[in-house]
Amino acid sequence: MKKFSGLKVFAAVLTLFGTSSVWAVPIATSGGVDTLLAQTTLQNSGQNTEQNWIASVLGVAVGDLDFTKYDDGTTGWEQVVDAAGDDLAGLFARMFDDLPGYFMVKIGNGKGTGADDSHFLYQNVNALAWA
């Protein structure tokens with residue numbers, strides 16, 4: 001099995017509803033907004049389905065993904081603020097020990113029952129320690 005050098009995908013399960021942030025991270029620290037590559041609603045949000053979707057978007061085989069899943073809800077996510085310290089609505093960041101080239105954010109409870117997308121795949125292009 002050949003792995004792509006540096007190709008890491010992090011899946012973070014994120015539920016933003018009803019959360020409030022005690023900590024904030026400046027947008028300059030988080031490196032700005034990463035590139036959204038694709039978004040979808042997956043009927044089955046199991047790891048195999050998620051990995052198959054990620055591989056199809058990136059044009060690689062599932063076996064070429066170095067996949068680490070963080071199922072931590074809102075833990076570790078911080079509100080992003082501008083230089084003046086004001087919240088940037090809808091922007092959150094999370095620091096990782098590894099430096100993922102890609103990351104996926106999953107919101108909601110899965111099952112693809114809502115009208116909104118539940119899975120978002122980003123390319124981590126700015127500060128690799130931050131998603």
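Trainee: Which residue stands opposite R94 in β6?
Mentor: In this predicted model, the residue facing R94 of β6 is W77.

Trainee: How many bridges join β5 to β6, and which way do the two strands run?
Mentor: There are four bridges between β6 and β5, the latter covering residues 77-81, and the two run antiparallel.

Trainee: What holds paired strands together in general?
Mentor: Strands of a sheet pair through backbone hydrogen bonds, in either a parallel or an antiparallel manner.

Trainee: What is the strand order in the open sheet of three strands?
Mentor: The order is β2-β5-β6, and the pairing is mixed. The strands at the edges are β2 (24-26) and β6 (87-94); each has a single partner strand, so one side of each lacks a neighbour in the sheet.

Trainee: And what is the average twist from one strand to the next?
Mentor: The twist averages 45° between one strand and the next.

Trainee: Changing topic: how many salt bridges does the count come to?
Mentor: The count is one salt bridge. The partners are K106 and E50, whose closest N and O atoms lie 3.5 Å apart.

Trainee: Which parts of the chain does that pair tie together?
Mentor: K106 belongs to strand β7 (residues 102-107) and E50 to helix α2, so the pair links parts that are 56 residues apart in sequence.

Trainee: Is K106 buried or exposed?
Mentor: K106 has a relative accessible area of 10%, so it counts as buried, the cut-off being under 20%.

Trainee: What about E50, buried or exposed?
Mentor: E50 is also buried, with a relative accessible area of 0%.

Trainee: Where is Q43 placed?
Mentor: Q43 sits in the loop that connects β3 (35-40) with α2 (47-58). Its relative accessibility is 56%, so Q43 is classed as exposed.

Trainee: How far apart are Q43 and S118 in space?
Mentor: Their C-alpha atoms are 9.5 Å apart, although Q43 and S118 are separated by 75 residues in sequence.

Trainee: Now the whole chain: how many helices and strands does it have?
Mentor: The protein chain has two helices and eight strands. Read from the N terminus, the elements follow the pattern β-β-α-β-α-β-β-β-β-β.

Trainee: What share of the residues counts as buried?
Mentor: Of the 131 residues, 37% are buried. The accessible surface of the chain is about 7,200 Å², and carbon and sulfur atoms contribute 52% of that area.

Trainee: And what share of the contacts comes from residues 24 or more positions apart?
Mentor: Among contacts with a separation of 6 or more, such residues account for 71%.

How values were computed. Residues numbered from 1 in each chain as written. Predicted model: local features only at pLDDT ≥ 70, side-chain atom pairs only at ≥ 80, totals over all residues. Heavy atoms only, no water. Buried < 20%, exposed > 50% of the residue type's maximum accessible area, 1.4 Å probe, protein only. Contact = heavy atoms within 4.5 Å. Areas by Shrake-Rupley, 256 points an atom, 1.4 Å probe, with all protein chains shown as cover. Pairing = 2+ DSSP bridges. Axes fitted to C-alpha atoms, helices over the stretch in contact; angles between N-to-C directions. Salt bridge = Lys/Arg side-chain N within 4 Å of Asp/Glu carboxyl O.
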